[in-house]
Amino acid sequence: QHVDVQNFSGSWGSGLAFCALLHSFFPDAFDFAALEPAARRDNFALAFATAEERAGCAPLLEVEDMVRLPVPDAKCVYTYVQELYRCLVAKGLVKTKKR
C-alpha cells in the first residue's frame, strides 16, 4: 500500500518503497501497515537501520539528505538498492542463477 515503484527517483521519495522492499525480506522487523507516507524521516530511518542491522548493508544514504530533497537522486537510490541486493545475495536471501 502507498508504494508504486516506477523509477529510481520520485517513487522512493516517501521512504515507503525502501521499507516495503526490506519488509518483504524481514517481515518481523516492523509493522509495514502502520507506516505513513508523510512520515518521510521516520520511514527512511527505519529502512536504513533495518537494512544495516538485518542485511548488513552499508549506510550509503543519509536520512537527512533524503528528506532535504523533494525527489531523491536516482543514481543514489540505484546505488543503494544495488548494494542492498548484493548484501541480500551474500546472506543467501536472494538466489541467483549460476553461470
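A: Let's start at the end of helix α2, where G56 follows with a positive phi, near 70°. Helices here are DSSP runs of H or I with at least four residues, strands are runs of E with at least two, and both are numbered from the N terminus. Keep in mind that this is a predicted model, where local features need pLDDT of at least 70 and side-chain atom pairs count only at pLDDT 80 or more, while totals for chains, interfaces and linings use all residues. Residues are numbered from 1 along each chain as its sequence is written, and side-chain values use heavy atoms, with hydrogens and water left out.

Now for α2 itself. The helix covers residues 40–55, 16 residues in total, and it reaches 21 Å from its first C-alpha to its last, close to the 22 Å expected at 1.5 Å a residue (the expected span is 1.5 Å times one less than the number of residues).

Which of its residues are buried? They are N43, F44, A47, F48, T50, A51 and A55. Buried means under 20% relative accessible area, exposed means over 50%, and partly exposed is in between, using a 1.4 Å probe and protein chains only. Looking down the axis of α2, the buried residues fall within an arc of 160°, so they line one face of the helix; that arc is taken from the directions from the helix axis to the C-beta atoms. On the face turned away from the buried side, you'll find the exposed residues D42 and E53.

So what do the buried residues of α2 pack against? Their partners are α1 (16–25), α3 (63–68) and α4 (74–90). Contact here means heavy atoms within 4.5 Å.

That leads us to the core. A nonpolar core is a set of buried Ala, Val, Leu, Ile, Met, Phe, Trp, Tyr and Cys residues joined through side-chain atoms within 4.5 Å. The largest one has 27 residues, and F44 and F48 are among those with the most contacts inside it, along with F18, M66, Y80 and L84. α1, α2, α3 and α4 each supply at least two residues of this core, with α4 giving the most, six residues. Setting aside residues up to four places away in sequence, M66 touches F44 and F48, among others including F18 and V77.

Finally, there's E52, also in α2. E52 is partly exposed, with a relative accessible area of 43%. Leaving aside neighbours within four places in sequence, E52 is in contact with C57 and P59.
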